[in-house]
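Hi there,

Here is the structure I promised to pass on. Have a look at it first, and then read on for what turned up in the sheets.

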Amino acid sequence: MNNVLELKGKRFVQESKTNRGGGPAMNSKVTVTSSKVLKLAEKLLQIKEFWKQEKRPFQGIILSVCYNKIVAKSNRIAGLLKGVDSNFAIVGAKFNKDKNKHIITYFIDMDDLDNSIDILYKSSDIMFAFFQEGITKTIFDDKKTMEKIDFSKLPLQKTAFKQVIADVSYIEDFEVEFAEQKEKESIVTLFDTKMDTKQLFKEIGIELLSNRILDNRTVFLDENEMKVLYKKVPYLVSMATENLSDLTPEDFVDSYLQDLTTIPPPTTEPTIGVIDTLFDKRVYFSDWVEDKDLVEDYFDKTPEDYRHGTSVSSIIVDGPRLNPWLDDGCKRFRVRHFGVATAKGFSSFTIIKLIKRIVTENPDIKVWNISLGSNQEVNDNFISAEAAVLDQIQYENDVIFVVAGTNRPNESITKIGSPADSINSMVVNAVTKSGLSTKYSRKGLALSFFAKPDVSYYGGSEEQYIQVCEPTGAAYVAGTSYAAPWIARKLSYLIDVLGLNREVAKAMIIDAARGWNGIPTVEEVALYGHGVVPIRIEDIVQTKDDEIKFVVTDISEKWNTYNYHFPVPTKDGNYPYFARATMCYFPVCDRAQGVDYTNTELNLHFGRIKDDGKLNEINGDKQNQSETDTGSYILEGEARERFRKWDNVKYISEIPKDKSKPKKSYTNKNWGMEVKTNNRLDPKDGVGLRFGVVVTLKEMYGINRIDEFIKNCNLNGWLVNRIDIGVRTDIHEKVNEDIVFE
């Protein structure tokens, strides 16, 4: 087996984007007619009348634009509404029922609405005079046709007119949407109207205490307050989820007493944070657990409230001894256990606020396990409030959450529950000992697109249950709650023992689960994520003799972050390899943006360097090409489906085939890697964003070329570190041992 290599010493180069884009681009599948423009103008007039008659507590209006496709950022409105600043007026985004079109909500001034109506009428007049048959993309792009028209004598300049036509070519309709009413107490997020939340609710007639406000748009309301809200301002509700959650059920068989009384005291083992139900201090491994009870004292605490949390922590501390068939080679871990819920149910709102405080007050913990989950299904159009908080915490702090994929409470529930829709977290589903999905596992995706769960692991089934320690002794259990802690153990080992950053650690686990299996079906991703993670840690940090696996990490500061110094060994002037690469990063997310949730896109490009200096990419990705390239335009829907655009996990791979031939080499014998950065809203969102990449090169003829690769790397200025478990474990123990001075 070869050790995975860590390449350091040659920083990636940062390059700004020189191509700022051309003029407006029209939808090639649409013919814009004067009547279509006139119809949209009249629809905006109706919306204006609605808002003139509506008594609202805020200035401005809320307007939804129904697009005729899934639109890229460059195809959103840039002539109507607020013109080029319209993107900054977006307060929500979702898909239609068929999930093939965008519905984007804007908050604008009444003056913006009046101006848009005026521009549409003027554009309709110009079209009626010069384009009675309508405008197609061919006509739109024909400079000669446009130059024949003397726009100096018309009410709109050519640039403004073309931008309006481009806008209209992507617009299907305008609407003011009303939220579907919820009657139970809920966590409610309002559209951003630039108004103070407490004052806004006061104007509505709801006196809101500060402890009921999560941020300036998300609040907790009881049933009566919900009725008032929906009666007076139903158009203001962006999203709402019920507040009270039940623990997702798990299967278990009768517990039995067993002599689990011997365990050595902890020494230099790393600590994993657990946020769960309460912990029982009477168990045999209690010296390994620092327990903090954060459930309010006025709750009556029963023995059942301690069962789930204690079981989860028992896997993290002593899982391999309890389950020898799952011995991962990671040994034991200490636990800092925060009891935040009871078995009967819990307030999501309360737990959200607690998690923020817990992580802030425990900065030494890098890996957190959350095996709590809701019975309710996630919404296809927005991320849950709980998941959004986890994503925000992970963007702002150098931590990673491992979240259980939630279990099915009954046959009618199939989709995952919050917070398993957290995009930055490592979400874990469960499989049987045979590696098949369990009967209790629920399905992703998140927001109809993001690959959730991320991975799968053994969570127990009738074939082989997971043994845990409950307050009454040992028990056999099954559930995603008991799959997640095993992944938390692996992540903590990679981060706390082997010294890797979270981006690389997450990428290594996903890469190990995915392997050379190619692109899974949507159904497979919904159940298994990227695949089943290997049991042994050696199978993650070591690779086969015919493979070279290395990791790199850096920070994106500009549009293109690149490195062209990967000296892949050749054979007779060619490259006898199949290649794959997995990248992970933790972007800033905005729940108010609905389905367009992640603000930053990092796109991974890897391959040989051609004689023209461009990459011959292993997956043929033509996104992010320069302005000199032709025929490389990719539709937004295709970019999302084929290349996972906007997903924070990227996997690109060739498929090994028996009759494949070695790849030819070019003048430059190195391979290159580029990470292209795009932002939906603020260009600063992608600045300083760290990424981790795992690259695997599989030799076609089974030859071990790792020593030659290491030699080439050293000659090219790389510092090559072997990720050797024995060496790094010894270093970790030496660094963390207590020294007693005599």
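Strand β4, residues 61-67, runs antiparallel to β7, and four bridges join the two. Within this pair, serine 64 sits opposite glutamate 175 of β7. Please keep in mind that this is a predicted model.

Both strands belong to an open sheet of four strands, ordered β5-β6-β4-β7 with antiparallel pairing. The edges are taken by β5 (90-95) and β7 (171-175); each has a single partner strand, so one side of each has no neighbour in the sheet. On average, neighbouring strands here are turned by 20° against each other, direction ignored. Helix α1 (residues 34-53) packs on this sheet, where it touches β4 and β7. The direction of helix α1 makes about 15° with that of β7.

Now for the other sheet. This open sheet has seven strands in the order β14-β15-β13-β17-β18-β19-β20, and the pairing is parallel. Which strands stand at the edges? They are β14 (289-293) and β20 (455-458), and because each has a single partner strand, one side of each is left without a neighbour in the sheet. From one strand to the next, the twist averages 25°.

At the β20 end, strand β19 (residues 426-431) runs parallel to β20 and is joined to it by four bridges. Valine 428 has valine 455 in β20 as its bridge partner. Helix α11 (residues 484-497) lies across β13 (271-277), β17 (367-370), β18 (400-404), β19 and β20. Relative to β18, helix α11 runs at about 165°.

Best wishes

Terms used
Residues are numbered from 1 along each chain as its sequence is written. This is a predicted model: local features need pLDDT of at least 70, side-chain atom pairs count only at pLDDT 80 or more; totals for chains, interfaces and linings use all residues. Side-chain values use heavy atoms; hydrogens and water are left out. Two strands pair if DSSP finds at least two bridges between them. Axes are lines fitted to C-alpha atoms, for helices over the stretch in contact, and angles run from 0 to 180 degrees between N-to-C directions. Contact means heavy atoms within 4.5 Å.
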